[in-house]
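Welcome! Please take a moment to look over the model below, and then we can walk through it together.

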Amino acid sequence: MTPNAGCCRSQSRGYNPAMVTRRAFLAGSCAMALTPRPRVAAARYDLVIQGGRVLDPSRRVDRVADVAIEGGRIRSIEPAIASAEAADVLDARGRIVAPGLIDLHVHVGAPDLTPAALLRDGVTSMVDGGSAGADNIDALVGVAQAAPNRVRIFLNVARTGVASPGELIDIEAADVDAARRALARHREWIVGVKVRLSENVAGDHDLEAVRRARQVAGPLPVMLHVGQTYSPLPKILELLNPGDIVTHIYSPPPHSAIDAAGHVLPEVRAARKRGIRFDVGNGRNGHITWPVVDAATRDGFWPDTISSDITGPGRTFRVFDLPTIMSKFLMLGMPLDQAIACVTNHAAANVSAFRELGTLRPGAPADVAVLELREGDFELVDNADAKRTGHRKLVTAAVVMNGKRIASPRS
Ligand SMILES: [Zn+2]
C-alpha cells in the first residue's frame with residue numbers, strides 16, 4: 001500500500017482550508033482589527049508544498065511530508081510545517097511530490113514546441129538532442145537562453161542538425177572543425193554531441209560518424225541515436241566511452257539490442273558494465289515497440305533514463321509528454337520510484353550542468369513536479385501503433401521552478 005492510498009480518494013479539487021496562506025489570513029484578521037496591528041514576523045518560507053507523498057529517489061525518500069522552499073532553493077523536508085510559516089502554500093495532498101523532471105532528449109529547435117510548453121508538463125530541465133549543428137546552433141542557443149526552464153544542447157555532429165532526408169548521407173556534413181568551433185563558442189549551452197545513425201540518416205557511414213562525434217566531444221558525452229543502422233549495434237558500442245548515451249534502446253530490428261531469440265546482446269550488457277548509459281527516446285517512428293521492450297525487460301534490461309524525444313508533432317501523436325512515457329514503463333512493470341529516478345537523479349547524472357538537479361536535497365534548486373497518479377484504463381501506444389492498456393497514469397498537477405510556481409499545468 002502506498003503512503004497516500006487513502007488520501008487519493010478523499011482528495012477534493014475545490015476550496016481547501018489548507019490553501020489559505022499566511023498573507024490571506026493576516027489580511028482577513030487585520031481588516032477586523034480595531035486595535036493597532038500586532039507585529040508579526042515575516043513568514044519563514046517563501047513556499048511550502050504541503051501533505052504530498054514526497055518521492056525523491058536520489059535520497060531514497062518516500063513518505064508524506066511538507067517541503068519548505070526559500071530563496072529559490074529547497075530548505076527542508078519535515079513531517080509537518082504550519083501554514084503560518086509560509087508566504088504561500090501549495091496543497092499536494094494525494095499527489096506525488098518529485099524533483100523537477102529532466103528530459104534528456106527533446107527537440108525544441110522549431111517554433112511548434114517551446115521549452116515553456118514542456119515546463120507545464122513538469123520538465124524543469126531538458127537537453128535538445130541534435131536539432132541543430134554548427135550551421136544553425138546560434139538560433140537554438142537563443143531558444144535556450146530565452147527559456148524559463150533549463151535547456152542545454154547536444155550539438156548535432158552534422159552541420160545542418162536534423163535534416164531530411166538524412167543529415168549524414170553525405171558524411172562530409174560531419175565537419176569536426178566546424179562542430180568544435182560551435183562548441184567553443186557556446187560552451188555554457190552545449191553539453192554533449194549528438195549523432196543519428198539509422199541507415200536512412202547516415203547511410204553506411206555510421207561508424208565513421210561515431211568516430212567524428214567522439215572527436216568533437218572530447219570529455220563531453222556523445223548521444224547516439226541507434227536502431228535500423230547499417231552496422232550491428234556491438235560494432236557501434238565498441239567506439240564509445242563511459243558516460244556516452246545510447247538512445248532509442250528498444251528500437252526494432254534491423255540491428256536492435258536483442259538477438260533473434262529475444263535475448264539482450266552480451267555486448268550491450270558489457271557496454272553498460274563499462275559505463276555506457278541506455279536511454280528510451282520514445283519518439284514517433286522506429287524507436288520503440290512492445291515486443292522489443294518485452295524481450296529486453298524480460299531479460300532484465302531496463303533503461304537508465306526515460307526520455308521523450310518529443311517534437312511539435314509528437315505532442316499529439318504517440319509521445320504526448322514525459323509523464324505519459326513514464327506511465328508506459330509503469331505499465332511494463334517498472335516500480336514508480338524507478339520511473340521517477342529515470343527522469344530525475346539518473347538523468348541529472350548524464351549532464352555536468354545538471355549535477356545538482358534531480359533531487360529535493362536541502363540546498364538544491366527548488367525545481368519540483370507535483371504529479372497525480374491516476375487510476376483507471378489508459379490507452380498507451382508504441383511506435384507501431386500497437387495499443388496496450390495501462391492502469392495507472394502520471395499527470396502533472398503543479399510545477400515549481402527555482403522556487404516559483406508555474407501557472408496552469410496541462411492537466
Ligand atoms: Zn531525437
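Let us begin with the metal: the zinc ion is coordinated at 2.0 to 2.2 Å by H105 through NE2, H107 through NE2 and D309 through OD. Please keep in mind that this is a predicted model. Along the chain, the zinc donors follow the spacing H-x1-H-x201-D. H105 sits in strand β6 (residues 101-106), while D309 belongs to the loop between α10 (290-298) and α11 (322-331), so the pair ties together parts that are 204 residues apart in sequence.

Next come the nonpolar cores. The largest nonpolar core has 90 residues, and L224, Y250 and F329 have the most contacts inside it. Which residues does L224 touch, leaving aside those up to four places away in sequence? Its partners are V195, L197, V210, I236, L240, I245, V246 and T247. There is also a second, separate core of 19 residues, with V61, V67, L360 and V368 among them.

Now for the spaces in the model. The largest pocket has a volume of about 590 Å³. It is lined by 27 residues, and those closest to its centre are V162, R196, R284, H287 and T311. Strand β9 (190-196) and helix α6 (199-202) each supply at least two residues of this lining.

How many cavities of 30 Å³ or more does the structure hold? There is one. The largest cavity contains about 50 Å³ of space. Its lining is formed by P99, G100, I102, T124, S125, E356, L357, G358, T359, A364, P365 and D367.

The table sets out the two spaces and the make-up of their linings.

| Space | Volume | Nonpolar lining residues | Polar lining residues | Charged lining residues |
|---|---|---|---|---|
| Largest cavity | about 50 Å³ | five | five | two |

How values were computed
Residues numbered from 1 in each chain as written. Predicted model: local features only at pLDDT ≥ 70, side-chain atom pairs only at ≥ 80, totals over all residues. Heavy atoms only, no water. Donors = N, O, S within 2.8 Å, 3.2 Å for Na, K, Ca; no water. Helix = DSSP H or I, 4+ residues; strand = E, 2+ residues; numbered from the N terminus. 1 Å grid on protein atoms, 1.4 Å probe; cavity = no way out; pocket = protein on both sides within 12 Å on 5 of 7 lines; lining within 4 Å. Points joined across faces, edges and corners; volume = space filled by probe spheres on them. Nonpolar A, V, L, I, M, F, W, Y, C, P; charged D, E, K, R; others polar. Core = buried A, V, L, I, M, F, W, Y, C linked by side-chain atoms within 4.5 Å. Buried < 20%, exposed > 50% of the residue type's maximum accessible area, 1.4 Å probe, protein only. Contact = heavy atoms within 4.5 Å.
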